[in-house]
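Please have the sequence and the structure at hand while reading.

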Amino acid sequence: DTAADDALAQEFVEFAIGAGVLRFGEFKTKAGRLSPYFFNAGLFDDGIKLGRLAQFYARRIMDSGIEFDMLFGPAYKGIPLGAAVAIELARLGRNVPFAYNRKEAKDHGEGGTLVGAPVKGRVLIVDDVISAGTAVRESIGIIKAAGATPHAIAIALDRQEKATENGVDVAYSAVQQVRDQLGLQVCAIARLADLLQYLEQHGDTAVQGRHEEVLAYRRRYG
Ligand code: OMP
């Protein structure tokens, strides 16, 4: 990690907490883990917040040096994310095709489950969060079925948790699995480690006491 990476991650954590997107309490994750924090990307819910979010993604994507031919936003949360990132990348001079999927196949009109640009070449998935790695495996399946190459994934938050296989926790992290077994590059705006750093340094504020809870969660599922 470079210092510049770190500064962007800290800025992002502050933005997400300030926007009420990153919250503390008791939440059940998709993998059934009881988490003291939750990141709800659906709460980037106005033009300024979405635009700022897209700037964070675009900077991370450009700085990562990942090569890709198009963007794919998986339904539902990835659709506005992918669209916002496509607009921001174009604003920065990199206009790339964008596609997304429907959850239900349409039997009239254009038909099928894919919408937008033809899904081909090296695809960069734009999604919200990786926890145990189920969602990303679904996206990979959709892209492969379309005959394209799932090449990389950009997410806002890497929760740095153990992957699951058939519902059972395994020894390696979900992101390690995506990188090493599925062969995708991963770029995250922030990771659990960045959240922990933020909580440690802002223990006298509205996030007082959260550091210990999140640390305990990492000990169990990280
Ligand atoms: P995995 O499929 O386990 O990697 O979980 C990722 C998905 O969980 C995301 O795409 C979200 O739908 C959801 N999620 C969040 O949005 N924010 C969180 O902080 C945690 C989760 C989660 O359920 O694990």
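The model is predicted, so local features need pLDDT of at least 70 and side-chain atom pairs count only at pLDDT 80 or more, while totals for chains, interfaces and linings use all residues. Residues are numbered from 1 along each chain as its sequence is written, and side-chain values use heavy atoms, with hydrogens and water left out.

**The ligand and its shell**

- There are 13 residues around the ligand, and K30, F39, D128, S131 and G133 come nearest; a residue counts as near if one of its heavy atoms lies within 4 Å.
- Strand 2 (34–39), strand 6 (122–130) and helix 4 (134–145) each supply at least two residues of this shell. Helices (H or I, at least four residues) and strands (E, at least two) are DSSP runs, numbered from the N terminus.
- Strand 6 gives the most to the shell, with 3 residues.
- By class, the shell has 6 nonpolar, 4 polar and 3 charged residues. Ala, Val, Leu, Ile, Met, Phe, Trp, Tyr, Cys and Pro count as nonpolar, Asp, Glu, Lys and Arg as charged, and the others, Gly among them, as polar.

- In the side chain of D128, an N or O atom is 2.8 Å from an oxygen atom of the ligand.
- Backbone atoms also take part: a polar one of T134 is 3.2 Å from a ligand oxygen, and an N or O atom of A135 lies 2.8 Å from a ligand oxygen.
- The protein covers 91% of the 490 Å² of accessible area that the ligand has on its own (Shrake-Rupley method, 1.4 Å probe).

**Backbone features**

- Most residues other than glycine have a negative phi, and most peptide bonds are trans.
- The peptide bond from A75 to Y76 is cis, with omega near -10°. Y76 belongs to the loop between strand 3 (70–73) and helix 3 (78–91).
- Q160 is not a glycine, yet its phi is positive, at about 50°. The loop between strand 7 (149–158) and strand 8 (162–165) holds Q160.

Terms used:
A polar contact is a pair of N or O atoms within 3.5 Å; within protein, one must be able to donate a hydrogen and the other to accept it, and residues adjacent in sequence count only if both atoms are side-chain atoms.
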